[in-house]
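Please look over the sequence and the model first, and then read on.

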Amino acid sequence: MIRKLASGEYRLYSRKIDPKTGKRRNLGTFASQGQARQHEREVQYFKRQH
């Protein structure tokens, strides 16, 4: 899940809410939306590697 910050950067959040904090986990901040989308794909790929 990608959100645009007030600073103009894009932040990637986890899809699920973290039970410890009750919020979504921050998975990184990126200069462009394209970079954030690319990282989201990398995260999804990595989650399926066993």
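## Overall layout

Read along the sequence, the chain follows the pattern β-β-β-α, with one helix and three strands in total; helices (H or I, at least four residues) and strands (E, at least two) are DSSP runs, numbered from the N terminus. The model is a predicted one, in which local features need pLDDT of at least 70 and side-chain atom pairs count only at pLDDT 80 or more, while totals for chains, interfaces and linings use all residues. Residues are numbered from 1 along each chain as its sequence is written, and side-chain values use heavy atoms, with hydrogens and water left out.

The C-alpha atoms fill a box of roughly 35 × 25 × 10 Å, taken along the principal axes. Of the 50 residues of the chain, 20% count as buried, where buried means under 20% relative accessible area, exposed over 50%, and partly exposed in between (1.4 Å probe, protein chains only).

## Salt bridges

The structure holds two salt bridges, each defined as a side-chain nitrogen of Lys or Arg within 4 Å of a carboxyl oxygen of Asp or Glu. In one of them, the side chains of Arg-15 and Glu-40 meet at 4.0 Å, N to O. Arg-15 lies in strand β2 (residues 10–17) and Glu-40 in helix α1 (residues 33–47), so this pair ties together parts that are 25 residues apart in sequence. Arg-15 is exposed, at 54% relative accessible area, whereas Glu-40 is buried, at 16%.

Arg-25 forms a salt bridge with Asp-18, their closest N and O atoms being 3.2 Å apart. Here Arg-25 is partly exposed, at 45% relative accessible area, and Asp-18 is buried, at 10%.
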